[in-house]
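Please open the structure in your viewer and follow the selections below in order.

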Amino acid sequence: MIFDLIAKKMISLDRSKSRELRKNFDEFFQGMVSFPIYFPGTQFYRCMQGRRNVQKTLTDILKERLSAPEKRHNDLVDQIVQELQNDNPVIDVNFAVDAIAALLFASFATLSSTLAVGFKFLTDNPKVIEELKEEHKKILKKRDDMNSGFTWEEYKSLIFTPQVMNEITRISNVAPGIFRKTLVDVQVNGYTIPAGWLVMISPMAVHLNPKLFEDPLEFNPWRWMDETKRAELLRNHMPFGGGIRLCLGADFSKIFIALFLHILVTEYRWKEIEGGEVLRISEAIFPKGYHIQLIPQT
C-alpha cells in the first residue's frame, strides 16, 4: 500500500505498473545479502536482474520526461527534470535514478515494517497515543483553514512526535546492518581492522544495549526528553546510519512517519481485533499475527 502511494506521488505510476516495479524491488531485496554467485537460478542472480529492471524502468521514465519537459505531473520527477535542464545541474541522470530508487526502496523495505511495529507499540501504550493527540490537536486549532494540509512549519514545531519517532526507529531495527569500508587501519578495543576491509555495523546491537539505553526493550518515548541524556542517546541512535554516507531517505522517512502519525491520531480511532507478539528475526522485529481495525473519527 505504501509503495503504491509513494510510486504515484514520486513518479506518477498507476497501480498496475507500480506492482510490476515492486516485484523487481522484491527480487533485489530478497537477494541483497545473499552469497554472490552470479548464475541463473541463484538468489543473487535474481537480485541483480531485479536491480537492472528497476534501473531500466526508472531510466526510461526519466528519459521520457526529459523529452517532453513541458508536460507536468506535479511529482518528484518534475523537480528532477527541472534541475537536469539547468545550465549547471548539481546532479546527473544516473544520480537521479539512484536517488529515486533509494526512496522507493525505503518506502517498502523500511517504512512499512517500521509503521507496522509502531502500530503495535502505540496500541500497547495508550498514554503515548493521548500525548500525540494532544500535540496534534493543538496544531489543528492554530490553523486558519481546517482543511489545509500538514505544513513544513507544523512539522518543525513538533516536540513529542519526534521522540515517538526516535523510539519507534530505535526499537524496530528494520535495517539488519550498515556497511562501511575502512579507508585506513582502524583500532577497536585492541584489534586492528585493516584498510580496505568491509565492516558491518549492527544497529540493533547498539539500540538494545542496556549500557546505552536503559530498559532497552521498553517502549518509552520520554527517554528522549531528558536533556541530561539526550545528546548521548542521539549519538548512539543510528537507524539511518551515520557520517557522510547517511541514508539518502532519512529525512523522507522521518517526514513520512510524522505525517502518518498526524493523520492517524487526528482522523482515526483504532482497536486491536486480534492480538499478536513481537518476533525478532535476523535483527529485525515484526508484529506476528497482529491485526487492527481503523475507524474514521466522526
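Begin by selecting Arg-51, which sits in helix 3 (residues 43-67); helices here are DSSP runs of H or I with at least four residues, strands are E runs of at least two, and both are numbered from the N terminus. The model is a predicted one, in which local features need pLDDT of at least 70 and side-chain atom pairs count only at pLDDT 80 or more, while totals for chains, interfaces and linings use all residues. Residues are numbered from 1 along each chain as its sequence is written, and side-chain values use heavy atoms, leaving out hydrogens and water.

Arg-51 has a relative accessible area of 36%, so it counts as partly exposed (between buried, under 20%, and exposed, over 50%, with a 1.4 Å probe and protein chains only).

Next, select helix 6 (residues 126-142) and helix 11 (residues 250-267), which pack at an angle of about 90° with their axes 9 Å apart. Helix 6 is therefore roughly perpendicular to helix 11 (65 to 115 degrees). Axes are lines fitted to C-alpha atoms over the stretch in contact, and angles run from 0 to 180 degrees between N-to-C directions. Leu-132, Lys-133, His-136, Ile-139 and Leu-140 of helix 6 meet Ala-258, His-262, Val-265 and Thr-266 of helix 11, with contact meaning heavy atoms within 4.5 Å.

Finally, display the lining of the largest pocket, where helix 5 (93-123) supplies the largest share, 11 residues.

Conventions
Angles under 35 degrees count as roughly parallel, over 145 as roughly antiparallel, 65 to 115 as roughly perpendicular and the rest as oblique.
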